Amino acid sequence: MNFKELREEMVKEQLAGRDIKDKRVLDAFLKIPRHKFVSEESQSSAYADYPLPIGENQTISQPYIVALMSQLLELKGTEKVLEIGTGSGYQAAILAELSKTVYSIERIPSLAEKAEKLLNELGYKNIEIKVDDGTLGWYESSPFDAIIVTAASPEIPQSLVKQLAEHGRLVLPVGGKFGQMLVLVKKDKGKVETKEICGCVFVPLIGKYGYNQ
Ligand code: SAM
């Protein structure tokens, strides 16, 4: 299977062919071997236009939604970014291409371990992963220029808004367990503005400021 060709087709059809215009985002998708972030049985579908299972009842999101959330963060390469929900580590790799440092939190130890191993094999030195309840954020390393939550939250966790830097951007799915709204939160001069982007479906964010289970 020619994964490079599949990657190029994915970028052309699913990303650039929709509304992903940030060249740095498109280049990151061309570079990162998404098939390595899924199980061997799923490799032939790794570049398809839908999410895939990654074990532990969790998923790697559809390429388009990963790209859209990444583009909304408007990263230039100098930022410190926090990700909640490491999962397979794919989104963390994309963020590592787009920013200076990525902090990523995963609540399920086996997923965090697997993602860390793969990201090390791929040579990423600017990603730090920890196992914890990400709804609490990562206080010692805050504030963050950008925060991305890759699991569905019943509301915007104020704990994360507090850890967002001035002019920072937070993107997350907010809503019920079976369907949410992707929301962009911006902090400007201490004022917090929110914008609804589009409907989406994510697995639940489970933790103190998320769902109970
Ligand atoms: N970003 C991931 C990727 O690129 O593969 C996909 C993430 S998956 C849709 C959501 C992840 O969020 C799951 O791995 C899940 O275990 C994790 N999660 C759920 N609640 C969490 C919490 N409170 N803190 C950290 N991770 C959490």
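The model is predicted; local features need pLDDT of at least 70, side-chain atom pairs count only at pLDDT 80 or more, and totals for chains, interfaces and linings use all residues. Residues are numbered from 1 along each chain as its sequence is written, and side-chain values use heavy atoms, with hydrogens and water left out.

Glutamine 71 lies in helix 3 (residues 63–72); helices (H or I, at least four residues) and strands (E, at least two) are DSSP runs, numbered from the N terminus. Glutamine 71 is buried, at 18% relative accessible area (buried means under 20%, with a 1.4 Å probe and protein chains only). Its side chain reaches the backbone oxygen of aspartate 19 at 3.0 Å. Leaving aside residues up to four places away in sequence, glutamine 71 touches Asp19, Ile20, Lys21, Asp22 and Val25 (contact means heavy atoms within 4.5 Å).

Strand 4 (residues 101–106) has 5 of its 6 residues buried, so the rest of the structure largely encloses it. Strand 3 (residues 80–84) runs parallel to strand 4, joined by 5 bridges (strands pair if DSSP finds at least two bridges between them). Valine 81 has valine 102 of strand 4 as its bridge partner. Strand 3, helix 4 (residues 90–98) and strand 4 form a right-handed β-α-β unit (with the strands pointing away from the viewer, the path from the first strand over the helix to the second runs clockwise).

Strand 4 also runs parallel to strand 5 (residues 127–131), again through 5 bridges. Here valine 102 stands opposite isoleucine 127. The chain passes from strand 4 through helix 5 (residues 109–121) to strand 5 in a right-handed β-α-β crossover.

Terms used: Buried means under 20% relative accessible area, exposed over 50%, partly exposed in between (1.4 Å probe, protein chains only). A polar contact is a pair of N or O atoms within 3.5 Å; within protein, one must be able to donate a hydrogen and the other to accept it, and residues adjacent in sequence count only if both atoms are side-chain atoms.
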